[in-house]
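Morning, everyone. Please have a look at the model on the screen before I start.

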Amino acid sequence: MGKDRKDMNEAELAACRERDIRYQKTRAEKLKELGDYQVTARLDKVTHKKLADLCEHLGYPRPKSHKNNLVEIYSAAVTHLINKEFGSRIHKPKSERAKELYRLYKTVSHLKYDEFDSNEDIIERMVKDKQRRPKAILEDTQDYQWADKDIKNMLREKAVTKKLQLLDGITGE
């Protein structure tokens, strides 16, 4: 194991301090990339365990005390929950085509806002997974060639809601 700080000479202490300062600056930059706002929450043991289960369910490593990236993992879980809550406010689809379009909306939204994927990455994934384009769902065709415009349209919640209502035969107010 490394030397205790009281056993270090001046040069070693200076190098150690410099390393710590660089680490703190790098860490601050990484946290700034997550967002400008910081939230603190108190959880009981049961709720904390459920949050750890949720993080694991979302594909992140199970958070453990005094481990790296806890803030990133918790941020991703909270972001997912917020997006899920607001996503539930959109029209609930009834027809099969409306359900397919809604699933695409949720997938694209998750990839863009939770996973921070670029449009190109999303397009590549949709083509690889043989997901029909939104326009193909509306026209009931088999078109799998996604474009940047498809991603942008899928991220417009009001437009998606109108298309879901159209597919379910609901007229707008």
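This is a predicted model: local features need pLDDT of at least 70, side-chain atom pairs count only at pLDDT 80 or more; totals for chains, interfaces and linings use all residues.

Residues are numbered from 1 along each chain as its sequence is written, and side-chain values use heavy atoms, with hydrogens and water left out.

Pockets to begin with. Rolling a probe the size of a water molecule over the atoms shows where empty space is left. A pocket here is an open set of points on a 1 Å grid over the protein atoms alone, where a 1.4 Å probe fits, with protein on both sides within 12 Å along at least five of seven lines. Lining residues have an atom within 4 Å of a point. Volume is the space filled by probe spheres set on the points, and points are joined across faces, edges and corners.

The largest pocket has a volume of about 1,200 Å³. It has 28 lining residues, and Tyr37, Val39, Val71, Tyr74 and Ser75 are the closest to its centre. Which helix gives the largest share of this lining? That is α3, with 10 residues. Helices are DSSP runs of H or I, at least four residues, numbered from the N terminus. The lining has 17 nonpolar residues, six polar and five charged. Nonpolar covers Ala, Val, Leu, Ile, Met, Phe, Trp, Tyr, Cys and Pro; charged covers Asp, Glu, Lys and Arg; the others, Gly among them, are polar.

Now the second largest pocket. Its volume is about 410 Å³. Of its 19 lining residues, Tyr105, Lys106, Thr107, Ser109 and His110 are the closest to the centre. Helix α4 gives the largest share, eight residues. This lining divides into six nonpolar, seven polar and six charged.

Take threonine 107 from that list. It lies in helix α4, residues 96-114. Is threonine 107 buried, partly exposed or exposed? Its relative accessible area is 26%, so it is partly exposed (buried is under 20%, exposed over 50%, partly exposed in between, with a 1.4 Å probe and protein chains only).

Last, α4 and α5. They pack at an angle of about 140°, with axes 10 Å apart. Axes are lines fitted to C-alpha atoms over the stretch in contact, and angles run from 0 to 180 degrees between N-to-C directions. The two helices are therefore oblique to each other (under 35 degrees is roughly parallel, over 145 roughly antiparallel, 65 to 115 roughly perpendicular, the rest oblique).
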